[in-house]
Amino acid sequence: MAAALALSERGRGRTAPNPNVGCVIVQDDRVVGRGWTQPGGRPHAEAMALAQAGAKSRGATCYVTLEPCAHVSERGPACADLLIEAGVAGVVIALGDPDPRTNGQGITRLRAAGIEVAEGVGEASAREAMAGFLTRRAKGRPFVTLKLATSLDGRIALESGESRWITGPQARAHAHLERARHDAILVGRGTRAMDTPSLDVRLPGLEDRTPRRFLLTGQPGAGDDAWGIVNAPSSIADLEGVDHLLVEGGAETAASFLREGLVDRLLLYRAPILIGAGKPALGDIGLSDLATAHNRWRLADTRMLGSDRLEVYASQ
């Protein structure tokens, strides 16, 4: 299942509105098929893995990060039916599919065909891997990651606005990898005017993974062919084909998403420098007292990237 989860990450940020699923087929303790949801959502992970395994699927065990779909689409058959036709002996599933077109029906169909089904293996990791799909289903909006790159004293730029570069090359490379894992990226009008950011992915081999660009602004006509417009943080619910959204700045844009309770994950890159008077990382986030600031975030990961520290927080 860990291998299937790793494969699912290959599709993250490219499969919406479908989930980024991973699949591994094992026969006699050997992997005979691997698959992950392809860009645009098809083929599904199971179809890809079954095609690779061929006749070796018969009697094999399929490990898949999400319940095989039970509905037939114009774009392809139901994965539950494909697994039955292939003659697999068992299916190990990390997470049930909340899509009402499946939602337990895939598992029921597999068991009715005499296939042994195990559920809940690696469930927590699967929820994390498919957070965008699950958040869209549960809350009707994308999963939002807020990125902040700050000095030790919480500044994102000098008073003049100069911000290149607060963090070092390793931290910036990691930030580009994060871009590659998102469907879209958003900044505020001030950041666009000050930094004229390209917001592309500049990592060898991942240049084609540059996400769609959006500008948070209420100013009519601010968008163009390269930039979409988001009028308010809540409007991200209307972004079609966006299940993973990365918010990169600036301070007021970051604060507006925090005020609305729309941040699910926080990436804090902290450089070992002091700036003093300068631009703060955040504006007013609407706190009325210190008590409400506590128990909102859980530290999920921390690591060193060169001389910079990355801290990843999950919303509680």
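What share of the 316 residues in the chain is buried? In this predicted model, in which local features require a pLDDT of at least 70, side-chain atom pairs count only at pLDDT 80 or more, and totals for chains, interfaces and linings use all residues, buried residues make up 50% of the chain, where buried denotes under 20% relative accessible area, exposed over 50% and partly exposed the range in between, with a 1.4 Å probe and protein chains only. Residues are numbered from 1 along each chain as its sequence is written, and side-chain values use heavy atoms, with hydrogens and water left out.

The chain contains nine helices and 15 strands, assigned as DSSP runs (H or I of at least four residues for helices, E of at least two for strands) and numbered from the N terminus. Its radius of gyration is 22 Å, close to the 20 Å that the globule rule gives for 316 residues, so the chain is as compact as a globular protein of that length; the radius is taken over C-alpha atoms, and the rule is 2.2 Å times the number of residues to the power 0.38. Along the principal axes, the C-alpha trace spans about 70 × 40 × 40 Å. Of the contacts (heavy atoms within 4.5 Å) with a separation of 6 or more, 72% are between residues 24 or more positions apart. The 37 positive and 37 negative charges have mean positions 2 Å apart, with Lys and Arg counted as positive, Asp and Glu as negative, and His and the chain ends not counted; each charge is placed at NZ of Lys, CZ of Arg, CG of Asp or CD of Glu.

Strand E15 (residues 308–315) has six of its eight residues buried, so it is largely enclosed by the rest of the structure. Strand E12 (residues 265–270) runs antiparallel to E15 and is joined to it by six bridges, pairing being assigned where DSSP finds at least two bridges between two strands; within this arrangement, Leu267 has Val312 of E15 as its bridge partner. Strand E14 (residues 297–305) is likewise antiparallel to E15, with eight bridges between them, and Arg298 stands opposite Ala314 in E15. E14 and E15 form a hairpin with two residues between them, and Gly306 in the turn has a positive phi of about 65 degrees.

Helix H9 (residues 251–259) is mostly covered, with seven of its nine residues buried, among them Ala251, Phe257 and Leu258. Just after H9, Gly261 adopts a positive phi of about 70 degrees.
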